[in-house]
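Open the model in your viewer and keep the selection tool ready. We will walk from the whole chain to single residues, one stop at a time.

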Amino acid sequence: MLYSIIVSAGLENIAREELSERFGNTEHLKILERKPQRLIFQYTGNPRELLSLRTAEHLFLVLKQMPKMTRSRSSLASLSGSLKRFNFKEMSECCRQVGINIRKRMPFRVTSRLSGKRNFRRIDLQRVIEQALLARGWYLTAGRAALEVWTEIHGDDGYISVKLSRNDMAQRPYKQAHIPASLKPTVAYSMVRLSRPHPTDVFLDAMCGAGTILLERALMGRYDYLIGGDVSVDALDATVMNFGRKHQPRQFFQWDARKLPLQRDTVDKVVCNLPFGETIGNLPQLTNLYRHCLKEYARVLKPRGKMVLLTSQRTTLNDELERLHFLDVRQRLTVDVRGKKAWIYVVRFA
Ligand SMILES: C[S@@+](CC[C@H](N)C(=O)[O-])C[C@H]1O[C@@H](n2cnc3c(N)ncnc32)[C@H](O)[C@@H]1O
């Protein structure tokens with residue numbers, strides 16, 4: 001069966017790594033294509049297993065992938081025509097495995113997406129697919145649809161897919177308490193992955209907010225110790241609530257990350273979502289924060305330690321990293337965070 005996952009922009013390679021690592025050596029998986037925000041792959045196992053992917057926002061079963069879509073309206077006809085004699089048997093089985101029951105008169109809804117110049121509109125695309133499925137006896141509903149059909153045309157590629165994941169695939173049950181600038185768990189997970197977790201890790205997030213990064217690390221496998229801190233009591237309360245009694249040993253502190261009460265050379269990994277500047281109003285204050293907390297991170301980090309930092313303030317972070325010439329940026333990824341361009345830096349001692 002052909003599947004696709006949708007990921008946040010910039011996380012495609014990390015998602016590919018996760019897929020290969022978790023399913024690649026079972027001979028069930030073959031990754032076919034990596035597109036912007038999308039991976040397409042064949043998988044012969046139970047699709048329910050794919051719902052546990054931690055980088056994915058949505059999981060789809062691809063019914064039809066059509067290359068060579070043109071601008072003209074005839075490409076609409078070929079896309080909808082492909083549904084005329086389509087055999088839905090395999091789709092039904094696949095849906096059943098993830099808990100979607102297929103009925104003869106299936107209530108459905110179509111979501112359409114279109115990019116690039118075309119001689120038709122997004123709504124035209126949606127309507128032809130709706131008509132094709134109505135002609136197969138399905139039942140169009142404006143309410144809660146049992147089946148969400150997605151039809152998309154991006155560049156030369158057309159897709160008709162069925163959504164297998166629920167809207168909460170990228171959410172995590174641990175996240176009960178939130179703070180305003182809280183990070184998406186999929187991005188937090190990706191940052192933790194970039195730190196190359198190891199069972200002996202002493203792991204620090206010195207501006208932990210609601211604890212998303214620390215929790216993603218805790219869930220990723222063994223560690224030696226987790227340390228979190230934040231200047232805000234509300235943020236720390238959220239972290240404590242989200243952790244509950246699980247994931248020991250760990251310790252949380254209310255502190256100023258510019259002056260950490262930790263010994264030098266004691267931490268293996270620092271993973272931190274730096275404030276973007278929305279809460280810290282002016283640039284001199286933000287520069288001061290970045291300068292002093294970077295110095296502290298470098299001080300507490302062991303010589304072979306690693307930092308993974310997220311910011312939207314690329315210039316400020318570049319300037320401050322340059323001042324600390326003993327640090328070396330090994331990797332820099334452009335990612336999308338709440339619709340804003342941001343960067344993940346992987347930093348080591350030079
Ligand atoms: C972008 S948020 C982190 C969000 C977090 N990754 C999450 O998912 O909830 C930045 C955090 O830095 C904290 N912060 C700002 N200045 C700080 C400082 N000087 N020391 C410690 N924490 C600070 C804020 O209180 C906020 O919780």
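Predicted model: local features only at pLDDT ≥ 70, side-chain atom pairs only at ≥ 80, totals over all residues.

Helices (H or I, at least four residues) and strands (E, at least two) are DSSP runs, numbered from the N terminus. Residues are numbered from 1 along each chain as its sequence is written, and side-chain values use heavy atoms, with hydrogens and water left out.

**The whole protein**

Zoom out to begin. Taken along the principal axes, the C-alpha atoms fill a box of roughly 70 × 40 × 40 Å. Of the 350 residues, 52% are buried; here buried means under 20% relative accessible area, exposed means over 50%, and partly exposed is in between (1.4 Å probe, protein chains only). A contact means heavy atoms within 4.5 Å. Among contacts between residues at least 6 apart in sequence, 72% join residues at least 24 apart.

**Stop 1: helix H8 and what follows**

Select residues 233–243, which form helix H8. Which of its residues are buried? They are Ala235, Leu236, Ala238, Thr239, Asn242 and Phe243. These residues cover an arc of only 155 degrees around the axis, which puts them on the same side of H8; the arc is that of the directions from the helix axis to the C-beta atoms. Turn to the other side of H8 and you will see Asp234 and Met241, which are exposed.

Now show the surroundings of the buried residues. They pack against helix H7 (212–219), strand E10 (225–230) and strand E11 (250–254).

Next, look at the two ends. At the start of H8, a side-chain oxygen of Ser232 comes to within 3.3 Å of the backbone nitrogen of Asp234. After H8 comes Gly244, with a positive phi near 60 degrees.

Keep going into the loop between H8 and E11, where His247 lies. Most residues other than glycine have a negative phi, and most peptide bonds are trans. His247 has a positive phi, near 60 degrees, and is a residue other than glycine. Then select Pro249, also placed in the loop between H8 and E11.

**Stop 2: Gln37**

For another positive phi in a residue other than glycine, select Gln37, where the value is near 65 degrees. Gln37 sits in the loop between strand E2 (29–35) and strand E3 (38–43). Is this residue buried or partly exposed? Gln37 counts as partly exposed because its relative accessibility is 38%.

**Stop 3**

Select residues 122–135 to bring up helix H5, and pick out Glu130. Glu130 counts as buried, since its relative accessibility is 7%. Leaving aside neighbours within four places in sequence, Glu130 is in contact with Phe108, Val110 and Leu140.

Ala132 is found in helix H5 as well, and it is buried, with a relative accessible area of 13%. With the neighbours within four places left out, Ala132 is in contact with Ser80 and Leu83. Draw a distance from Ala132 to Leu83: they are 49 residues apart in sequence and 6.4 Å apart in space, C-alpha to C-alpha.

**Stop 4**

Move to helix H6 (residues 185–194) and select Ser190. Ser190 counts as buried, at 0% relative accessibility. Beyond neighbours within four places in sequence, its contacts are Leu11, Ile14 and Thr55.

Then select Val267 in strand E12 (residues 267–273). Val267 is buried, at 1% relative accessibility. Setting aside neighbours within four places in sequence, Val267 is in contact with Val202, Leu204, Leu262, Val300, Leu301 and Lys302.

**Last stop: a pocket**

A pocket is an open set of points on a 1 Å grid over the protein atoms alone, where a 1.4 Å probe fits, with protein on both sides within 12 Å along at least five of seven lines; lining residues have an atom within 4 Å of a point. Select Arg144, Ala145, Ala146, Glu148 and Arg166: of the 15 residues lining the second largest pocket, these lie nearest its centre. The volume of this pocket is about 500 Å³, where grid points are joined across faces, edges and corners, and a volume is the space filled by probe spheres set on the points.

Conventions: Polar contact = N/O pair within 3.5 Å; in protein donor to acceptor, adjacent residues only side chain to side chain.
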